[in-house]
Amino acid sequence: MSKEARINDLVEKIQSYYPAADVELIRKAYDFSARVHTGQKRLSGEPYLIHPMAVADIIADLKLDVPSVTAGLLHDTVEDTLTTLDELKAVFGREIAMLVDGVTKLSRVNFISREEKQAENFRKMLLAMGKDVRVILIKLADRVHNMRTLDHQPLEKQILTAQETLDIYAPLSHRLGIAWVKSELEDLALKYLHPEVYYQLKRNVAKRKSDREKYIEEVISIISKKLEAEGIDAEVTGRPKHFFGIYQKMESQNLLYDQIYDLVAFRILVDTPRECYEALGIIHAQWRPIPGRFKDYIALPKPNLYQSLHTSVIGPHGERIEIQIRTHEMHRVAEEGIAAHWRYKEGEDFQMSDIQRFAWLRQLLEWQENLQDPQEFLHNLKEDLFATELYVFTPKGDLLNFPKGSTVIDFAYRIHSEVGHHCSGARINGQLVSLKYILRSGDTVEIITTQQQAPSRDWLKRVKTPRAKSKIRNWLKLQQSQRSVALGREILEGDLHRHQLDYAALGREGKIDWLVKELGMKDEESLLAALGYGRITTRHVLAKLVAPEKLDVGAKKAEGSLKSLFRLVSKQKRGLGIRVKGGEDALVRFALCCHPLPGEHIIGFITRGRGVTVHTVGCPTVMESDPHRKIEVSWEESGQPPRPVKIEVTCVDQPGLLAAISAAITSAQANIARAQIRTFSDEKALNTFEVMIRNSQHLNDVLQNISKVKGVYKAVRARGRTVGRADRDQTRGELH
């Protein structure tokens, strides 16, 4: 297609929903992008310009305004060419430059890990979204096209991009209410994360296509005639569920494809909300509804403003079918989401009042401001995006939404941080309950507080909301930090006293501030915390203040013996293959909560008297730890011994399958240390294997091999401790 034809098609699409669009600005942006991307090619070998054109086209599918489409054409110019933001601002104005900046990744290269870089890029994007929600819509369009063309990337990049899409972008598009983007991103992510499942589903769906189309036509005909007979003008459609939805059902219920029945969903579009309920009555009179499957999202809209009635019935020939009933306007909101809630006028800025209609966005922007740790931010973002909702009332009758599984502590922190910190119980519908109470939709909640109450680490296991977790973690970190600072000061004052030095006097003389700079610390508190945790010794400090010949010989001996002990233990632990920055003699051990594997991103935490504990970056325990204790660690380049990893395999309970799974593991060059087998009454089995694994890639190979065995529902790495003797003694079947 010629250059003129491509830009004409884009302009025509924009004018179809915005006749007064400034098409000259679009053409100007196209020419600019074509010029600065000249000579650049995608991995497919195509000219790079094809990508910004495709992104702009997707933005037009969302029916966004001219500045959004223009930013889509220019979105990679700052990141991938010599173009600067100032240049964009001069040529296209402040608004468009701001949108491009919002979707441009951070150029800083000194991130500790890929996860930190990812987290900071998301934080930047969300901050930009707080000023203008179009930033995230442009980013979603960019991700849709990148996923459509992911075939040309290396395998490792495919997996990383697909996982990020499934973790962040698909649920984000759901939260923003853009249904078609969510479905497409999920299906494309499945294609690269579980290709064998994706293509098997594709084959199975294709096999039944003819029968399914006949069934859809039959059901549509019945519904249309019944509604018409009652005087309701309706548009009725049917469609097969998308691949990822089928896969989720197979995973959550441990089903094979042939065991899933409600693979078809029908939609009824009417003119008014009253007709929605009338249509529901007609459907329930025609077919028997399935108990517990009715949802009224018209009376109680989802946080993304989605409205619809959902019901499941036993349809013709005994088949289960799902039916959604909504108005045409509700359907537009369901498909376009937040993009359906405003239309721009030429020259007007985005109004924050538009974002205020989305309570979830307000909450997201609020709690991310309080999270300084990048890994904690990313962890909470993923958790929040996946949360399903329940609705409860305040004593005044205000309706608040929470993730399922939330407790009264989550409710307390929603009211105020201090209410959360001192929450000792609650009255639910007038009845006293404990902090363990899990909220249910429709509850009226009144919080009880006492000044003696304070957060504990156990609270983190009970709460679900990012706000509550963030507030509790911050409180715990503050307590840890205060204790370590107090201990550090006590230790330092004692050793200074032995050399006739006074801590307070050193402070007045400016010596403490000088020491902070000399030792490369952030401030006095960081220095004391480092001493309290044992990151540095008082000898480091005294060496700056006391002449070497005057240092206590006894202290040298004591410290020397301590170093000898560390060296002795380090030699015993040398096989762990961990390098600690600035601490060759540190005692190292692996965290039992996450069992890090070579190849995974790791971080170390100092525990006084116990050396350095190594966690995976993103481990929930890391989120709760005092940042003063963090220390950089890395894997040795070679000589990594295999480590035991627990793998759980859910499968059909049938003869020969255990042997097939064992063969799949050994074919991936992995040894089985032990296994336990449990069978269930529904002809399913849960097999737990302790396998000796070299690194994270080796683990992926083993899991993929197991997943290919016919009859296996899923194979996953189990977090927590490996199979112990107590486990084995109680196991019905055991292999050695």
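Me: Why is Tyr 306 called buried?
Reply: Tyr 306 has a relative accessible area of 12%. Buried means under 20% relative accessible area, with exposed over 50% and partly exposed in between (1.4 Å probe, protein chains only). So Tyr 306 counts as buried. Bear in mind that this is a predicted model, where local features need pLDDT of at least 70, side-chain atom pairs count only at pLDDT 80 or more, and totals for chains, interfaces and linings use all residues. Residues are numbered from 1 along each chain as its sequence is written, and side-chain values use heavy atoms, with hydrogens and water left out.

Me: And what makes Tyr 297 buried?
Reply: Tyr 297 comes in at 19% relative accessibility, so it counts as buried too.

Me: What makes the pair of Tyr 297 and Tyr 306 edge-to-face?
Reply: The structure holds seven aromatic pairs. In the pair of Tyr 297 and Tyr 306, the ring centres are 6.1 Å apart and the planes sit at 70°. Rings of Phe, Tyr and Trp (its six-membered ring) pair if their centres lie within 6.5 Å; planes under 30 degrees apart are stacked, over 60 edge-to-face, and the rest tilted. So these two tyrosines make an edge-to-face pair. Elsewhere, ring pairs link Tyr 198, Tyr 199 and Phe 243 into a cluster.

Me: How do you know that Lys 471 is buried?
Reply: Lys 471 has 17% relative accessibility, so it gets the buried label. Its place is in helix 23 (residues 466-498). Helices (H or I, at least four residues) and strands (E, at least two) are DSSP runs, numbered from the N terminus.

Me: What makes the link between Lys 471 and Ser 417 a polar contact?
Reply: Their side chains are joined at 3.4 Å. A polar contact is a pair of N or O atoms within 3.5 Å; within protein, one must be able to donate a hydrogen and the other to accept it, and residues adjacent in sequence count only if both atoms are side-chain atoms. The 3.4 Å contact qualifies.

Me: Why is strand 6 said to be largely enclosed?
Reply: Seven of the eight residues of strand 6 (residues 320-327) are buried, so the rest of the structure largely encloses this strand. Helix 7 (residues 94-103) is mostly covered as well, with seven of its 10 residues buried; among them are Glu 95, Ile 96 and Leu 99.

Me: How do you know that strand 5 and strand 6 pair?
Reply: Strand 5 (residues 309-314) and strand 6 are joined by six bridges and run antiparallel. Thr 311 stands opposite Ile 323 in strand 6. In the hairpin, five residues lie between the strands, and His 317 takes a positive phi near 65°. Strand 6 also pairs with strand 2, in the parallel sense, over six bridges; there Leu 269 stands opposite Arg 326.

Me: What makes strand 13 and strand 16 edge strands?
Reply: The open sheet has four strands in the order 13-15-14-16, with mixed pairing. Strand 13 (588-590) and strand 16 (630-631) each have a single partner strand, so one side of each lacks a neighbour in the sheet. Further in, strand 14 (residues 602-607) and strand 15 (residues 611-616) pair in the antiparallel sense over six bridges, with Ile 606 partnered by Val 612.

Note on methods. Pairing = 2+ DSSP bridges.
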